[in-house]
Amino acid sequence: MSGETMRAVVQDGFGGTELLRVAQVARPVPLPTEVLVRVHAAGVNPVDWKTRTGSGMADLIGEPPFTLGWDVSGVVEEVGFGVTVLKPGDEVYGMPRFPHAANAYAEYVTAPARQFARKPATLDHAHAAAVPLAALTAWQAVNDAAHVTAGQRVLITAAAGGVGHFAVQFARILGAHVIAVASAGRHGWLKELGAEEVVDYTTTRFEEAVTGVDVVLELVGDDHDDTSTRALKVLRPDGLLVAVPAGVSPELAAAAEAAGVRVTPFLVEPDGAALTTIAGLIDEGEVVVEVERTFPLERVAEAHAHGETGRVRGKLALTVTD
């Protein structure tokens with residue numbers, strides 16, 4: 001297969017959506033313990049367009065040219081030596097190699113077999129591709145970093161977005177009292193997902209409406225209206241803020257210490273076992289996946305532009321192959 005090619009989205013520099021182009025590139029070959037996956041759909045995430053502009057994970061994946069994307073759903077085409085958990089023909093989904101380059105905006109990807117899981121049987125590929133990065137971020141933050149337990153009060157900012165809508169559902173499944181921060185038009189939907197309280201950030205400062213919170217899952221960051229710093233005010237003594245998008249600055253750490261609360265940075269990791277758990281929750285009807293729009297691979301620039309509006313309900317996805 002080393003001489004074969006495939007379609008992939010390539011960018012040759014950092015900047016705007018006009019840099020994204022579809023080109024013919026070499027098809028990857030799986031190494032030992034890796035699988036070759038024919039990609040049917042790829043998820044589109046904020047980290048993608050941040051990396052496109054030179055922030056996000058740009059320092060880790062290096063200088064252009066490169067191919068963006070981490071979320072994939074597809075079918076195993078070939079397995080490398082030593083792979084025992086998957087076989088050709090298996091439908092899989094995953095977030096391989098993150099935060100290093102996975103090259104997911106392409107017809108084929110290779111990655112370690114155990115960074116994939118069998119896709120939820122009840123989802124098509126476009127919806128399955130929308131799950132891994134957002135759902136793993138939510139699951140690992142709520143379950144592994146915050147150790148949310150029944151009866152705790154959990155506040156989630158940007159609750160109607162990709163990570164947020166999964167976090168609302170996972171916190172509800174773990175028995176938490178969920179407080180969702182989102183615009184008023186999303187409130188009914190978020191209550192259906194499991195939020196017991198909702199705050200409209202366009203009319204209300206959430207720190208003036210909510211107190212006594214055990215855990216804040218903060219998905220906005222201090223770059224936007226000092227959201228992380230303001231969120232410290234809603235925490236009970238020794239409560240925990242999980243800072244997802246921008247980590248913990250020295251200023252935020254000092255503010256947390258002064259307030260008598262805890263704060264931790266967070267970065268999602270590939271986790272095939274957790275994806276298996278999440279697939280089970282989806283197939284059992286406990287978790288729903290919201291995809292606002294899908295775009296063909298050739299319209300990737302339009303997908304990025306739409307995502308950058310910051311008004312997406314749930315997720316966006318690219319359809320790659322039939």
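# Close-up views of a predicted model

**View 1. Trp 139, Phe 166 and Phe 170 make up one aromatic cluster.** The model is predicted, so local features need pLDDT of at least 70, side-chain atom pairs count only at pLDDT 80 or more, and totals for chains, interfaces and linings use all residues. Residues are numbered from 1 along each chain as its sequence is written, and side-chain values use heavy atoms, with hydrogens and water left out. Rings of Phe, Tyr and Trp (its six-membered ring) pair if their centres lie within 6.5 Å; planes under 30 degrees apart are stacked, over 60 edge-to-face, and the rest tilted. By this rule the count is 4 aromatic pairs. Trp 139 and Phe 170 are edge-to-face, because their ring centres are 5.2 Å apart and their planes stand at 85°. Trp 139 belongs to helix H4 (residues 132-145) and Phe 170 to helix H5 (residues 162-173), so this pair ties together parts 31 residues apart in sequence. Helices (H or I, at least four residues) and strands (E, at least two) are DSSP runs, numbered from the N terminus.

**View 2. Phe 166 and Phe 170 are a stacked pair.** Their ring centres lie 6.2 Å apart, with the planes at 20°. Both residues are in helix H5, 4 residues apart, about one turn of the helix. An α-helix has 3.6 residues a turn, so residues three or four places apart point the same way. Phe 166 and Phe 170 are both buried. Buried means under 20% relative accessible area, exposed over 50%, and partly exposed in between (1.4 Å probe, protein chains only). Phe 170 has a relative accessible area of 0%. Trp 139 is buried as well, at 13%.

**View 3. The buried residues of helix H10 line one face.** H10 (residues 272-283) has 12 residues. From first C-alpha to last, H10 reaches 16 Å, close to the 16 Å expected at 1.5 Å a residue. The expected span is 1.5 Å times one less than the number of residues. Gly 272, Ala 274, Leu 275, Ile 278, Ala 279, Leu 281 and Ile 282 are buried in H10. Seen down the helix axis, these residues fall within an arc of 165°, so they line one face. The arc is that of the directions from the axis to the C-beta atoms. Strand E5 (91-94), strand E7 (116-118), H4 and H5 are included in what covers them; contact means heavy atoms within 4.5 Å. Just after H10, Gly 285 takes a positive phi of about 80°.

**View 4. Ser 73 is a buried residue of strand E4 (residues 72-79).** Its relative accessible area is 0%. The side chains of Ser 73 and His 125 are joined by a polar contact of 2.8 Å. A polar contact is a pair of N or O atoms within 3.5 Å; within protein, one must be able to donate a hydrogen and the other to accept it, and residues adjacent in sequence count only if both atoms are side-chain atoms. Beyond four places in sequence, the contacts of Ser 73 include Arg 38, His 40, Tyr 93, Lys 119 and Ala 128.

**View 5. Val 268 sits in the loop between strand E13 (262-265) and H10.** Val 268 is buried, with a relative accessible area of 5%. Met 95 is 173 residues away in sequence and 9.7 Å away in space, C-alpha to C-alpha. Not counting residues up to four places away in sequence, Val 268 touches Met 95, Phe 98, Leu 133, Leu 136, Thr 137 and Gln 140.

**View 6. Thr 227 lies in helix H8 (residues 227-231).** Thr 227 counts as buried, at 5% relative accessibility. A polar atom of its side chain lies 2.5 Å from the backbone oxygen of His 224. Leaving aside neighbours within four places in sequence, Thr 227 is in contact with residues including Thr 157, Phe 206 and Glu 218.
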